[in-house]
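Subject: Structure handover

Hello,

Here is the structure you asked for. Please open it first, then read the notes below.

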Amino acid sequence: MTSPADDPRFANLKEPRRIWTVSAIYGDREKLADIHEEIARNFKPGDRVVYFGNYTGGDADGSAAHSAVQTIDDLLGFRKYLLAQEAVQCGDIVYLRGVQEEIWQKLLQLQFARDPSGVFEWMIEHGIAQSLCDYGGNIEEARRVCREGILSLTKWTNSLRQNLRRHPGHSEFMAALRRAAFTTGNTPLLFVHAGIDPEKPLAQQQDSFWWKGKKFNDIRTAYDPFSYVIRGYDPNAQGVKVNGVTMTLDGTTAEMDSLPITCGLLSGQGELLDLMTA
């Protein structure tokens with residue numbers, strides 16, 4: 001069986017000094033800028049950065065503060081800034097695939113769905129509108145081509161791919177998203193988007209990273225061989241939780257009017273050193 005260290009779906013962070021983690025962003029550029037400023041001010045050689053996914057999503061409100069396209073541009077721009085720092089390597093900055101990115105990939109394959117109209121409405125309910133509209137799509141046009149059949153749908157999804165490629169680096173960004181990241185050493189850590197199936201080995205998780213998050217905080221036994229499993233998105237919106245073998249670094253709670261971005265700073269051994277919410 002392939003070792004996680006040899007599996008390109010997973011990012012090997014090796015033995016970092018510290019790890020900066022960034023929770024779901026939802027296209028909020030202003031809050032992301034605050035998080036990036038904090039990281040830039042305190043980043044040191046040997047640090048790593050892990051983004052947990054959901055870079056876009058939410059309402060297509062058309063505001064400058066919420067933009068799928070410009071958020072990806074901001075992420076790519078900050079990556080260039082970090083890579084210009086002393087001793088920073090490409091593998092020190094990791095982007096995980098979140099629910100929103102998984103839905104986007106499925107949107108580009110909508111012509112293969114058994115019920116395209118039903119699947120598309122489910123996608124809209126789960127926040128794909130922002131990405132769709134920012135990359136030149138139209139909700140009503142999508143509903144129309146869903147009714148017209150596979151040929152119209154194929155032409156429409158191809159146009160979305162072309163729109164994505166018009167933005168430098170965006171196709172490459174989407175293609176480079178990892179399913180999980182891990183550290184090595186005496187206290188290895190595993191970083192995931194929303195959840196895992198504790199009964200399955202890492203290589204067999206498949207879509208558990210996105211859809212097995214509801215009972216994540218109930219895990220009470222360490223997921224071998226990792227000391228901690230750390231996630232950045234909680235579908236139940238219960239806020240930051242630490243129970244000894246799992247850690248949720250999503251500050252969102254049901255009472256909040258807006259979605260925050262949470263930045264956690266961990267030691268290489270998994271100790272939560274600092275927490276910032278924008």
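Strand 4 provides the largest share of the lining of the second largest pocket, with 3 residues. Helices (H or I, at least four residues) and strands (E, at least two) are DSSP runs, numbered from the N terminus. This is a predicted model: local features need pLDDT of at least 70, side-chain atom pairs count only at pLDDT 80 or more, and totals for chains, interfaces and linings use all residues. Residues are numbered from 1 along each chain as its sequence is written, and side-chain values use heavy atoms, with hydrogens and water left out.

**Second largest pocket**

The volume is about 290 Å³. Of its 14 lining residues, Arg-79, Cys-90, Ile-93, Tyr-95 and Ala-176 are closest to the centre. Strand 1 (10-12), helix 2 (68-83), strand 4 (93-95) and helix 8 (170-175) each give at least two residues to this lining. By class, the lining has 8 nonpolar, 3 polar and 3 charged residues.

Some terms, before we go on. Rolling a probe the size of a water molecule over the atoms shows where empty space is left. The search uses a 1 Å grid over the protein atoms alone. A cavity is a set of points where a 1.4 Å probe fits but cannot get out. A pocket is an open set with protein on both sides within 12 Å along at least five of seven lines. Lining residues have an atom within 4 Å of a point. Grid points are joined across faces, edges and corners, and a volume is the space filled by probe spheres set on the points. Ala, Val, Leu, Ile, Met, Phe, Trp, Tyr, Cys and Pro count as nonpolar; Asp, Glu, Lys and Arg as charged; the others, Gly among them, as polar.

**Largest pocket**

The largest pocket holds about 410 Å³ of space. Its lining has 20 residues, and Tyr-26, Val-99, His-126, Tyr-233 and Pro-235 lie nearest the centre. Helix 3 and helix 9 (208-211) each supply at least two of the lining residues. The classes are 8 nonpolar, 7 polar and 5 charged.

Look at Tyr-26 again. Tyr-26 is not a glycine, yet its phi is positive, at about 55°. Tyr-26 sits in the loop between strand 2 (18-22) and helix 1 (29-42).

**Cavity**

The whole structure has 1 cavity of 30 Å³ or more. The largest cavity has a volume of about 40 Å³. Its lining is Trp-20, Glu-38, Cys-263, Leu-265, Asp-274, Leu-275 and Met-276. Strand 11 (272-277) and strand 10 (262-267) each give two or more of these. Strand 11 gives the most, with 3 residues.

**Helix 3 and helix 4**

The axes of helix 3 (residues 99-107) and helix 4 (residues 116-125) come within 11 Å and cross at roughly 155°. Axes are lines fitted to C-alpha atoms, for helices over the stretch in contact, and angles run from 0 to 180 degrees between N-to-C directions. The two helices are therefore roughly antiparallel (under 35 degrees is roughly parallel, over 145 roughly antiparallel, 65 to 115 roughly perpendicular, the rest oblique). Ile-103, Lys-106 and Leu-107 in helix 3 meet Phe-120, Trp-122 and Met-123 in helix 4 (contact means heavy atoms within 4.5 Å). Of the contact residues, 5 are nonpolar, none polar and 1 charged.

Asp-224 and Pro-225 are joined by a cis peptide bond, with omega about 5°. Pro-225 lies in the loop between helix 9 and strand 7 (228-231).

Best wishes
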